[in-house]
Amino acid sequence: MTLTIFLVVMLGLIVLGMPIAFALLLSAMALMIQLNFFDAQILAQNMLSGANSFTLMAVPLFMLAGEIMNAGGISRRIVNLATMFVGHIRGGLGYVAIFASVLLASLSGSAVADAAALSALLIPMLRRKGYSAAQSSGLIAAGGIIAPIIPPSIAFIIFGVATNVSITKLFFAGIAPGIMMGLTLMAVWAWTARSGPSDAEPRQPWSARLSALRESFWALMLPVIIIGGLRGGIFTPTEAAVVAAVYAMVISLFVYREIKVRDLYPLFVSAARTTAVVMFLVAAAMVSSYMITLADVPQDLIALLDPVMDSPKLLMFALLILLTLVGTVMDLTPTILILGPVLMPVVIKAGIDPVYFGVIFVMVGSVGLLTPPVGTVLNVVCGVARINMETICRGVWRYVVAYTLLLVLLVLFPELITVPARWLH
């Protein structure tokens, strides 16, 4: 009964257009009333404790790092480097977009930031080469969602805080599937580019390639510093975010010199606005998470899924379908905050590795960023490219299908995630 009340109130309010943070608070209040007590002090205390987290400090810092990298010319240098090495292949500009997506994913951790940066840089170039608006925007949108998987991932930070799973382990577990996503994009693009325009650029001499490599050297060092520091135990994920923000600022101000000190203020404001939305969601989710635990909702869910609890793969497929459906109507962050704490006890009871489940969870939620009606990344790319939703949906569907097939493969063979994660960590 409590599970039904929680879902009906929350989903009903979301359907009516209420912001998700307020829907979470009201659904928590509904559970309080169901349990015959109401205490406003509990609401306030849990909101404060939810936002008062040292680990969550990584979120605004990684967002700030992403803003500075986009404004400071780091993203542009990554695109130029990719062009020098793969631009001469048929469909080369598409491979440039994929290569740049993977590299930028290892710098920012935000799907929206990466999609916006690559849309502004590459969609006009793809259009000039003869690719349609659908083909161009679909590829860029599909590449953008690699960012929540390859570290440093903001989604993994939020998932780790919400479910008490090691963020460092999530980071290392995300490297292999993130690369697999890039390879999946390459396979689909190779099929798409067969009938596309002949856009190959002249093969660049090694002198030009080495020059581009030198130009982007400082940008490429950031993921090396972050992964090396985490693996060596030099700093925590939160401290890594500080390193990323300061490093991006120093490189942009004093090495590339594409921004000045006066340009930092609007970048700080933009990062602060995005952070405020995320942190208010986190605070509201902690209230509902507390009430979910108090109302024993996870046990109700375990009882509901009892027929498949003895088969981890079957349970994972059931959760895959559930998360896919939720992902079409809800953004990644609220999906993590709402369902993560509810599903984690189910996963642990079934004997599934929590880190492996976390990677699958975030991957499914990321694919949801490509599906209407919400489709946050789709909306961002549409806005930057000035196209409508119908156009981008025609271009992105094949990548959604390919990512779904990859997810099925990872559910069938969990070792594709767990074995590289153990080796890297």
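The following paragraphs describe the overall architecture and then helix α4.

This is a predicted model, in which local features need pLDDT of at least 70 and side-chain atom pairs count only at pLDDT 80 or more, while totals for chains, interfaces and linings use all residues. Residues are numbered from 1 along each chain as its sequence is written, and side-chain values use heavy atoms, leaving out hydrogens and water.

The protein chain contains 21 helices and zero strands, where helices (H or I, at least four residues) and strands (E, at least two) are DSSP runs numbered from the N terminus. Its radius of gyration is 22 Å, close to the 22 Å given by the globule rule for 425 residues, so the chain is as compact as a globular protein of that length; the radius is taken over C-alpha atoms, and the rule is 2.2 Å times the number of residues to the power 0.38. Of the 425 residues, 56% are buried, that is, under 20% relative accessible area with a 1.4 Å probe, protein chains only.

Helix α4 comprises residues 58-71. Ten of its 14 residues are buried, so α4 is largely enclosed by the rest of the structure. Among them are Leu 61, Phe 62, Met 63 and Leu 64. The cover over the buried residues of α4 includes α5 (74-86), α9 (154-163), α12 (217-231), α13 (237-255) and α14 (264-294), with contact meaning heavy atoms within 4.5 Å. Just after α4, Gly 73 adopts a positive phi of about 90°.

Technical notes. Buried means under 20% relative accessible area, exposed over 50%, partly exposed in between (1.4 Å probe, protein chains only). The expected span of a helix is 1.5 Å times one less than its number of residues.
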